[in-house]
Amino acid sequence: MKIGWAFTGAGHLLSESVEVLEELAKTNDITVFLSNAGEEVLKMYGLFERVSSITGGRYKELTKESDQKYSFPISGRFSLGKYDMLIVSPTTSNTVAKIVHGISDTLVTNTVSQAGKGGVKTIIIPVDIKKGDVKTVLPAKLEINTCEDCDECQAYKACPNKAIIPKQEIDLLKCTGCGTCENVCPFNAIESGKIITIHMRPIDIENTQKLVTMDNITVLEEPKDILTYLEDIIS
Ligand SMILES: Cc1cc2nc3c(=O)[nH]c(=O)nc-3n(C[C@H](O)[C@H](O)[C@H](O)COP(=O)(O)O)c2cc1C
């Protein structure tokens with residue numbers, strides 16, 4: 001199959017999405033679409049290279065919003081029916097809100113809009129799906145209380161991207177999630193993968209409920225559900 005896979009800027013369900021993408025890429029041609037935030041967040045979690053490595057060649061491009069202008073000509077492939085399916089996973093509350101209001105001003109929302117016009121089945125995995133609290137994972141974080149403010153910060157010295165601001169924070173826009181800082185700090189003041197609990201906002205849940213009612217869109221709860229869904233429609 002020819003599949004479009006779009007990443008938005010959500011850390012939640014991100015590594016699970018990359019795992020399913022890698023699985024599907026073994027037997028399908030996948031074009032990857034990254035919203036601006038999707039590109040940044042993939043880098044922060046150290047997953048950008050893994051996603052890049054499955055791309056290369058016609059219909060297997062890595063398409064970044066940051067390389068595009070305003071009209072997203074590549075999305076036209078969806079209105080022309082060149083793909084069998086569009087998958088958006090993970091999908092931020094921002095992108096869900098835009099989709100349910102018919103807004104298509106980012107690379108990802110534009111692909112969804114064009115897929116709707118071209119009758120290309122679209123699977124969406126929203127990160128905000130159920131009321132209540134949800135556990136999610138953070139990228140690298142400098143714990144101020146554990147930081148000993150060394151005269152020479154080993155993490156700062158070792159970071160290939162100069163992303164560490166000693167005794168303050170990590171500049172996540174420079175961080176590529178390589179983990180070097182974590183390994184060299186003698187006081188373990190840097191941790192990635194910390195689990196935190198966040199509260200789902202009612203407005204985001206309402207938007208997801210609207211998404212479920214939209215034509216041509218299937219909402220699934222988790223990235224692994226995509227594999228079961230595809231098995232079901234193929235058999
Ligand atoms: C580390 C990090 C993790 C984030 N995780 C989420 C998330 O899980 N869900 C979400 O809705 N937004 C998340 N965001 C915020 C989005 O990236 C932000 O709203 C962005 O503007 C979304 O743009 P997009 O929908 O075009 O990708 C995160 C931001 C950062 C820096």
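Mentor: Let us begin with a definition: a salt bridge is a side-chain nitrogen of Lys or Arg within 4 Å of a carboxyl oxygen of Asp or Glu. Please keep in mind throughout that this is a predicted model.

Trainee: How many salt bridges does the structure hold, and with which residue does Lys64 meet in helix H2?

Mentor: The general idea is that side chains of opposite charge can pair when their charged atoms come close. In this structure there are 12 salt bridges. One of them joins the side chains of Lys64 and Glu39, with an N to O distance of 3.9 Å. Lys64 belongs to strand E3 and Glu39 to helix H2, so this pair ties together parts that lie 25 residues apart in sequence.

Trainee: Is Glu39 buried or exposed?

Mentor: Glu39 is buried, at a relative accessible area of 9%. Lys64 also forms a salt bridge with Asp67, where the closest N and O atoms are 4.0 Å apart. Asp67, by contrast, is exposed, its relative accessible area being 55%.

Trainee: Which salt bridge involves Glu152?

Mentor: The side chain of Glu152 meets that of Lys157 in a salt bridge, at 3.6 Å from N to O. Glu152 is partly exposed, with a relative accessible area of 47%, and Lys157 is partly exposed as well, with a value of 48%. As for networks, salt bridges that share partners join Glu39, Lys43, Lys64 and Asp67 into one.

Trainee: Let us turn to the helix itself. Which residues of helix H2 are buried?

Mentor: The general idea is that an α-helix has 3.6 residues a turn, so residues three or four places apart point the same way. In helix H2, which spans residues 36-44, the buried residues are Gly38, Glu39, Val41, Leu42 and Met44.

Trainee: What covers the buried residues of H2?

Mentor: The cover includes strand E1 (2-7), helix H1 (14-25), strand E2 (29-34), helix H3 (48-52) and strand E3 (62-64). Just after H2, Gly46 adopts a positive phi of about 70°.

Trainee: How should I read backbone angles, and which residue other than glycine has a positive phi of about 65°?

Mentor: The general idea is that most residues other than glycine have a negative phi, and most peptide bonds are trans. Here Tyr59, although not a glycine, has a positive phi of about 65°. Tyr59 sits in the loop between H3 and E3 and is buried, with a relative accessible area of 11%.

Trainee: Which residues does Tyr59 touch, leaving aside those up to four places away in sequence?

Mentor: Tyr59 touches Lys2, Asp29, Ile30, Thr31, Arg77, Lys82 and Tyr83. Arg77 is 18 residues from Tyr59 along the chain, and their C-alpha atoms are separated by 9.8 Å.

Trainee: Where does Lys167 lie, and what is its phi?

Mentor: Lys167 is placed in the loop between strand E8 (164-165) and strand E9 (169-170). Its phi is near 60°, a positive value in a residue other than glycine. Lys167 is partly exposed, with a relative accessible area of 32%.

Trainee: Which peptide bond is cis?

Mentor: The bond from Ser89 to Pro90 is cis, with omega near -5°. Pro90 lies in strand E4, which covers residues 85-91.

Trainee: Finally, how is the protein chain divided into domains, and what area is buried between domain 1 and domain 2?

Mentor: The size of an interface is often given as the accessible area lost when the parts come together. The domain assignment gives domain 1 as 2-128 + 201-234 and domain 2 as 140-192. The contact takes 5 residues from each of domain 1 and domain 2, while the C-alpha centres of the two domains lie 32 Å apart. About 380 Å² is buried between domain 1 and domain 2, and carbon and sulfur atoms give 64% of that area. The side of domain 1 that touches domain 2 divides into 2 nonpolar, 1 polar and 2 charged residues.

Technical notes
Residues numbered from 1 in each chain as written. Predicted model: local features only at pLDDT ≥ 70, side-chain atom pairs only at ≥ 80, totals over all residues. Heavy atoms only, no water. Domains from an automatic or database assignment. Contact = heavy atoms within 4.5 Å. Buried area = accessible area lost by both parts, 1.4 Å probe. Nonpolar A, V, L, I, M, F, W, Y, C, P; charged D, E, K, R; others polar. Buried < 20%, exposed > 50% of the residue type's maximum accessible area, 1.4 Å probe, protein only. Helix = DSSP H or I, 4+ residues; strand = E, 2+ residues; numbered from the N terminus.
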